[in-house]
Amino acid sequence: MLGLLAAMAVAEEPAVDQKLLRTRYRSGEETLRAFAPLAAAMHSSIVKLAVDDETVALGAVVDASGLVLTKASEIRPGKLTCWLANEMQVGAELVRVAEEDDVALVRVHAPGLKPVQWADSEVHVGQWAITTGIAPTPHAVGIVSALPRRIRPQRAFIGVQFDFSTSGTTIEHVLEGLGAEKAGLKPGDIIKAVNDTAVTNRAQVVEMLRDFRAGQTVKLRVGRDEVQFDAQVSMMAPNDEVLGAELYPQPGPDRFTGERSQRAEGFEQVIEHDTVLQPWLCGGPLVNLDGKAIGLNIARVGRVSTYALPAGLVKQILKRLQSSPHPGAPLDTITR
Amino acid sequence: MHAIRFLRTRTAWWLLAAVLAGALSWSNARNSRGATVDRAGAAASAATSVRKQTNSALADASLPAVPKPAPSRRSEWAPAFGKTTPTSLDDLKAIERQVKAVAGRVSPAVVAVEVGYGSGSGVVVSADGLVLTAGHVCGSPNRPGRLTFPDGRSARGKTLGVARDTDCGLMRITDRGPWPFAAMGDLQEARAGDRVLALGHPGGFDLKRSLVVRLGRVIRFTPEVLQTDCPISPGDSGGPLFDMQGRVIGIHTAISGSTAENFHVAISTYYEAWNELARGAGNIGRPAPPRAYVGAIGVDDAPGCRLTSVEKNSPAQRAGLKVGDVVVKVDHREIKASASFLRWVTEATPGETLSLEVKRGDQLLALDVKVEAPPRSP
């Protein structure tokens with residue numbers, strides 16, 4: 001492959017004046033200056049979160065008392081603080097986590113915060129999608145690339161191999177130590193239904209299991225000889241030792257995509273936008289030209305895309321986070 | 001599932017090949033693996049020969065005719081598009097209005113393309129189903145393919161011509177039309193800084209997601225290739241680049257490690273090679289003569305190029321170069337960036353000896369490296 005490198009000739013460069021200056025690129029400094037009024041208007045609604053003094057995420061202020069939403073999986077254990085636009089650094093604490101949505105509620109101890117205004121309008125492909133922070137100009141800008149859709153969870157497994165000689169659902173092999181074995185499944189068993197939906201071929205089963213996350217339990221109707229019974233099988237992540245990471249490699253940074261968020265899959269709904277955003281700048285609001293948040297940046301996914309949870313969904317998540325049973329508990333995790 | 005993963009890998013590979021140009025042989029970046037073209041030397045003669053062939057093919061009336069470029073209406077564009085950068089929220093609003101309108105109008109014509117084991121994108125440019133795509137998406141002429149429209153409808157098609165040197169590819173939908181199509185444009189009035197939309201199906205067709213639209217600017221261009229900061233990725237290959245009135249002005253072909261280095265075959269190249277493409281020629285252009293190879297790559301480490309990889313049994317290894325070495329001079333010329341290191345190497349003639357000045361820790365070493373013709377690519 002390296003041979004290719006040298007095989008590529010370098011031709012004469014066009015004259016400098018024919019080349020766009022870097023500062024005028026779509027997220028170049030000069031371009032971003034046009035967005036400065038928007039960034040300024042958002043300043044008291046955004047915080048920059050740091051763990052042990054290293055920036056991990058932005059956060060969107062949702063309550064003037066200091067409640068902030070952010071991307072949960074970036075808040076690793078450590079000393080949580082937050083930076084404000086006035087260059088003040090204040091303490092912060094994790095209040096509650098909606099794990100399935102990867103959203104955390106954080107309390108920051110700062111006066112003068114102003115809640116983000118969430119947009120009510122529909123999202124359109126091609127509209128500006130602006131990621132502002134606490135700096136005078138946005139971190140980066142892009143456009144909405146695709147309309148809101150669901151993103152399936154990272155693939156998880158029950159731990160069986162099917163008999164590939166037919167399209168049927170006969171189990172040929174049960175992997176050691178995974179959910180299927182623990183639930184008592186055996187080679188020769190036939191899967192008849194997944195969560196009460198009848199299945200007759202392998203592709204259906206694989207497709208249906210794609211909707212489950214690692215750690216969730218799926219009910220399988222199993223046929224063995226003349227009897228049928230239900231088995232509760234727990235799903236496991238592909239990076240589990242038993243499955244072998246090399247068999248199911250996890251997408252990581254490479255020279256095309258750059259840095260990618262650890263948690264970039266499994267969202268109820270996302271707006272896809274083309275902003276090139278560093279993973280540690282997720283968690284903050286994604287803003288339109290009216291200065292309203294159309295979403296909350298939730299993951300840097302790859303070279304061409306960043307995901308944001310749409311405003312409507314964020315409001316629902318916030319409601320769930322604020323109304324869950326043990327308000328005031330030091331930290332608890334809620335599910336949908 | 002496995003098969004699909006494999007297909008994508010193939011497409012990615014092509015892009016990978018281009019990326020290794022890395023440093024960046026910019027007007028060459030679109031050339032496919034192995035089939036590189038000596039842009040600097042042979043471009044002019046290749047273009048001339050294509051033109052000659054084109055003329056001789058003009059007589060054949062049964063070939064699909066080239067669609068006429070839609071005229072540029074640049075003078076009617078909002079003032080915001082004439083500025084070097086937008087200066088107000090009003091400018092940004094004007095851009096947004098236009099981008100939304102263009103994206104909505106052209107989207108129905110942007111297809112996902114599957115040919116053999118490859119998957120890419122393409123754009124329909126005539127009601128009877130002529131499709132512009134990348135040469136490396138077609139592979140070779142007369143192969144069956146499937147084209148999927150953003151709404152999920154799909155049609156059968158076949159590949160027509162493929163240009164190896166420029167990476168142009170032409171396909172035709174063989175099912176009966178009419179099909180939604182976009183207008184072809186030209187680069188007569190184009191400028192660096194023009195806003196452009198990149199559409200395509202990165203990662204393959206996904207009905208729940210459908211098309212992915214990206215906005216960027218033209219960083220530079222020649223009659224053969226455009227570089228933009230519209231991020232594209234594997235699966236986008238063959239997809240269209242639109243100007244701000246919705247005319248196709250480029251076709252996605254290659255990327256590098258930088259999100260600002262996305263390459264698109266210029267639309268002029270399709271006009272140039274049209275009759276060859278329409279006739280189903282598979283060998284337009286010719287492969288490059290071998291360039292010098294050293295077997296080491298690096299990254300910018302001012303002032304110089306810090307080597308991040310030294311290939312086994314390469315000229316670099318034989319010369320004693322090691323990972324971590326910072327090359328500061330080649331033949332007494334200062335290296336200001338990794339790109340210039342690569343450039344001096346590739347501009348040498350195989351067999352030539354280059355004297356390098358290399359920083360290793362506190363030491364300054366002088367090493368001679370004899371460059372060679374590259375080993376055959378996988």
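View 1. In helix 6 of chain A, the buried residues are A:A311, A:L313, A:V314, A:I317, A:L318 and A:L321. Looking down the helix axis, these buried residues fall within an arc of 155°, so they line one face; the arc is taken over the directions from the helix axis to the C-beta atoms. Over on the other side, A:K319 and A:S323 are exposed. Here, buried means 20 or more other C-beta atoms within 10 Å of a residue's own, exposed means 12 or fewer, and partly exposed is in between, with C-beta atoms placed from the backbone.

This is a predicted model, where local features need pLDDT of at least 70 and side-chain atom pairs count only at pLDDT 80 or more, while totals for chains, interfaces and linings use all residues. Residues are numbered from 1 along each chain as its sequence is written, and chains are lettered from A and ligands numbered from 1 in the order in which they are written.

View 2. Helices (H or I, at least four residues) and strands (E, at least two) are DSSP runs, numbered from the N terminus.

**View 3. Around A:V301.** A:V301 lies in strand 17 (residues 293-302) of chain A. A:V301 is buried, with 20 other C-beta atoms within 10 Å. Leaving out residues up to four places away in sequence, A:V301 touches A:R260, A:A264, A:T306 and A:Y307; contact means C-beta atoms, placed from the backbone, within 7 Å.

Methods. Contact = placed C-beta atoms within 7 Å.
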